[in-house]
Amino acid sequence: MDSAVLWSRASGEGRLHAVLHALDHEGRRLTSSSRGRGKARGRDGEPLVLRGPWATERTDFTARISATDLPSDTLYEVELFFEDENGKRGEVGIGRFGTAPGHRSDGAQSFVWTADTAGQGYGINPDVGGMFGYEAMRAVEPDFFLHAGDTIYADGPIEESIEEPDGTIWRNLVTDEVAKVAETLREFRGRHSYNLRDENIRALYAEVPVIATWDDHETTNNWWPGEVLEDDRYSVVDVDTLAARGRRAWQEYQPIADVRSLTPGTGFEPERIYRKISRGPALDVFVLDMRTHKGENTDGKEQRATSMLGEEQLQWLLKGLRRSQATWKVILADLPLGIVVPDGEGQESIANAEDGAPLGRELELARLLSGIKSQRTRNVVFLTGDVHYCAAHHYSPQRAAFTDFDPFWEFVAGPINAGSFGPNEMDGTFGPEVDFQKAGPAMGSPRDGKGQFFGRVEIAPDGEEFTVELIDAAGEVQYTRTLTPQPR
């Protein structure tokens, strides 16, 4: 609630600086006759000046500043710039962000989420206005943005032109780094910097705080630790090597607040991707990592539990949910719970396409759901992406083969600039009911935005309502559902 990570990238070596100006509710800089006190972190009208690390080749010229001890529920304008060793200042970038509501606030806020950027060869097309789905999200003025993974497609080359299913030619902006599958650290970094060439993404990121997780395409399709690729496009076939490079590049380009993740390293340092973000009295966000600890993509029918979250993350999540005092607990998952996602003869996600008792990865999910019930955690909502269509699912033990859990909702959104797919089949083990689903045409392009989707959540004062909208990239609302909190 009281901190922010400020991220930027330089064109050469330089030290990152930030100047924060607190704003009033009309967006004007606060002023005061008592300047210089320096105790209100910008709220007294005195700019807050922060000096960060050097941006060098070691981090692809990216740098982050952790701004801490900020007052809650405060809007800031921020100036970001780099200085060289002689103190010469470079270009100044302007952004805005707001800190989370405090405990004295009513907690009202809104946010958006989606997944799947630059997939299936659909990159930045200037003819259609670039990745305009990001502008559609910015237009609804969210307080923050959740990216549910597949922030890049490291395994999907982007060519100058591709033919859409209806024969129309899609034209891409291209760079050397996106012309082939990413294998080197330079190529992984190039995927992230490519996306930032899009003016829609830059505009959103300059105004809306970003909270992201990763999924498979930050490395390669449907990967798991220890996998050896059988893909002629790759000269590096050891997935662990690719994942280390992909994770390092992802961390360099993401504003993760964990202090441990601010230390440069190999990409598999002690920092962790899964984390909790407190957003005031009405909301806690739990960001999952369903890739680092994932087991092999088998058919999912093992009698023993196989890993998706891993024991440490599972216990962290249950403990965090139990301790949370927020009205709503949102779990951002990079993979869906009950959607069947085939991977050849195996399964990529949790579901195993059989409606009976839990097996394989489903046993881990069963432990999570029964744990949530036994510790009487209420108002848990799962948000996810991955499958390239939007949907709303209600899970209930009354329809399920496994019954030791409380009913809950899962909402799915995406893609935001990628090929469209779906809808997929559902696995009945945990009793899902499809309340809504909509998909674009198979491999449909983002051209008109009608097969691209994001979700918007509005939390009413004091958390009295949790309203979910599923919206296409043209800005048209496709579905609305309002939830009310259950007593603890």
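Guide: Two strands count as paired if DSSP finds at least two bridges between them. Keep that in mind for this predicted model.

Visitor: What makes strand E21 and strand E22 a pair?

Guide: The cut-off is at least two bridges. Strand E21 (residues 453–459) and strand E22 (residues 466–472) are joined by 7 bridges, so they pair, and they run antiparallel. Within this pairing, Val457 stands opposite Val468 in E22.

Visitor: Which sheet holds them, and in what order do its strands run?

Guide: An open sheet of 6 strands, ordered E11-E8-E7-E21-E22-E23, with mixed pairing.

Visitor: Why are strand E11 and strand E23 said to stand at the edges?

Guide: Strand E11 (210–212) and strand E23 (477–483) each have a single partner strand, so one side of each has no neighbour in the sheet. From one strand to the next, the twist averages 20°.

Visitor: Why is H5 called roughly parallel to H6?

Guide: The axes of helix H5 (residues 311–323) and H6 cross at roughly 20° and come within 10 Å. Angles under 35 degrees count as roughly parallel, so H5 is roughly parallel to H6. Residues making the contact include Leu314 and Leu318 of H5, and Leu368 and Ile372 of H6. The crossing of H5 and H6 is right-handed.

Visitor: How do you know whether Ser349 is buried or exposed?

Guide: Its relative accessible area is 1%. Buried means under 20%, so Ser349 is buried. Ser349 lies in the loop between strand E16 (346–347) and helix H6 (361–374).

Visitor: What does the side chain of Ser349 reach?

Guide: The backbone oxygen of Pro336, at 2.7 Å. Ser349 also touches other residues, among them Met308, Ile339 and Arg361.

Technical notes
Residues are numbered from 1 along each chain as its sequence is written. This is a predicted model: local features need pLDDT of at least 70, side-chain atom pairs count only at pLDDT 80 or more; totals for chains, interfaces and linings use all residues. Side-chain values use heavy atoms; hydrogens and water are left out. Helices (H or I, at least four residues) and strands (E, at least two) are DSSP runs, numbered from the N terminus. Buried means under 20% relative accessible area, exposed over 50%, partly exposed in between (1.4 Å probe, protein chains only). A polar contact is a pair of N or O atoms within 3.5 Å; within protein, one must be able to donate a hydrogen and the other to accept it, and residues adjacent in sequence count only if both atoms are side-chain atoms. Contact means heavy atoms within 4.5 Å. Axes are lines fitted to C-alpha atoms, for helices over the stretch in contact, and angles run from 0 to 180 degrees between N-to-C directions. Angles under 35 degrees count as roughly parallel, over 145 as roughly antiparallel, 65 to 115 as roughly perpendicular and the rest as oblique. A crossing is left-handed if the near helix is turned anticlockwise from the far one by less than a right angle, and right-handed if clockwise. Lists of a residue's contacts leave out its neighbours within four places in sequence.
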